[in-house]
Amino acid sequence: MRKKIIIANWKMNHDFHETSFFLRNFLKIIFEKKINHNKEIIIAPSFPFLHISNQISQGTTLKIAAQNIHQMEKGSYTGEVSASMLKSIGITKVILGHSERRELYFENNDILFEKIKIALKYGLNIIFCVGETAIERDQNQQFNIVKNQLKETVFHCSRDEIRFFYIAYEPVWAIGTGKNATYEQAQTMHEFIRSLFLEKYGERVSDKIPILYGGSINNLNARDLFLQKDIDGGLVGNYSLKIDNFLEIIQS
Ligand code: PGA
């Protein structure tokens, strides 16, 4: 039985005060109200607040993730952050391949594979996002697109390295649009993704790999999505920004 996982992707939201306020109060509520969620919870704040976030969550089960890394080890890359820098402040997880990075910062599969390699070198867990656009779905290309996104990146990795991954299926048309994939659409894709892992790495890996859904998750749709056999939780954007909302998702 795979444990459910909820990941908050805060994107470029929440300053220092908002980040610390959220984390302190969130942990207080979970602890004091003894909310029995039985899920792995990960929050991805902005770079400048990763250190304080890690300190606040120390000694709890809450984990902190970064939203990106640069593909090079170090050097003249003004404005960028390396895997080793994250490692040096105790961060162990990073989101890669988010559609906003692919679209706005031109991160293609080649660049993403470079990022995967450097993340693995530093032992970071990778939350790797895949998903098709609305046009691609209209053309019934969603399965080819997702297969290719995995084939050119994650599937270059060894069986041993796969244990560092969480996969997030995030249809681009569902991200921040309020239009989530139905649980049938999501389950069908998740089952397909799991079958690709089965084909490539065998049953032990495909049974274990966590596959999360992302795209307009809210209090109304979370439960049905999380009930699906191959949906192991969610990557949540908007609905993770307020404590009350995020708690609702966790308890879904
Ligand atoms: P959303 O974002 O929940 O606001 O749609 C999800 C994501 O981008 O990971």
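How far from an oxygen atom of the ligand does a backbone N or O atom of S216 lie? The separation is 2.8 Å. Taken alone, the ligand exposes 280 Å², and the protein buries 98% of that; such areas come from the Shrake-Rupley method with a 1.4 Å probe, and for residues only the protein chains shown count as cover.

The model is predicted: local features need pLDDT of at least 70, side-chain atom pairs count only at pLDDT 80 or more, and totals for chains, interfaces and linings use all residues. Residues are numbered from 1 along each chain as its sequence is written, and side-chain values use heavy atoms, with hydrogens and water left out.

## Ligand surroundings

The ligand has 13 residues around it, of which K11, H98, E170, G176 and S216 come nearest; a residue is near a molecule or strand if one of its heavy atoms lies within 4 Å of it. By class, this shell holds 4 nonpolar, 7 polar and 2 charged residues. In that scheme Ala, Val, Leu, Ile, Met, Phe, Trp, Tyr, Cys and Pro count as nonpolar, Asp, Glu, Lys and Arg as charged, and the others, Gly among them, as polar.

| Residue | Atom on the protein side | Distance to a ligand oxygen atom |
|---|---|---|
| H98 | polar side-chain atom | 2.7 Å |
| G176 | backbone N or O atom | 2.6 Å |
| S216 | backbone N or O atom | 2.8 Å |

Helices (H or I, at least four residues) and strands (E, at least two) are DSSP runs, numbered from the N terminus. Two strands pair if DSSP finds at least two bridges between them. Strand β6 (residues 165–169) runs parallel to β7, with 3 bridges joining them, and I167 has I211 as its bridge partner in β7. Strand β7 (residues 211–214) is in turn joined to β8 by 2 bridges, again in parallel; here Y213 is partnered by G234 of β8.

## Helix α12

Helix α12 (residues 243–250) is largely enclosed by the rest of the structure, because 6 of its 8 residues are buried. These are I243, N245, F246, L247, I249 and I250. Their cover includes β1, α1 (16–32), β2 (39–44), α11 (222–226) and β8, judged by contact, that is, heavy atoms within 4.5 Å.

H14 lies in the loop between β1 and α1. Its phi is positive, about 75°, although H14 is not a glycine. H14 is buried, with a relative accessible area of 19%. F106, in the loop between α4 (99–104) and α5 (109–121), also has a positive phi, near 55°, in a residue other than glycine. At 64% relative accessibility, F106 counts as exposed.

T177 sits in the loop between β6 and α9 (183–201) and is partly exposed, at 46% relative accessible area. A polar atom of the T177 side chain lies 3.3 Å from the backbone oxygen of A174, and the T177 side chain also reaches the backbone nitrogen of K179 at 3.1 Å. The C-alpha atoms of T177 and S216 are separated by 6.4 Å, with the two residues 39 apart along the chain.

E100 belongs to helix α4 and is partly exposed, with a relative accessible area of 28%. Leaving out residues up to four places away in sequence, E100 touches K11, Y105 and I175. Its C-alpha atom is 8.8 Å from that of V172, a residue 72 positions away along the chain.

Definitions and conventions: Polar contact = N/O pair within 3.5 Å; in protein donor to acceptor, adjacent residues only side chain to side chain. Buried < 20%, exposed > 50% of the residue type's maximum accessible area, 1.4 Å probe, protein only.
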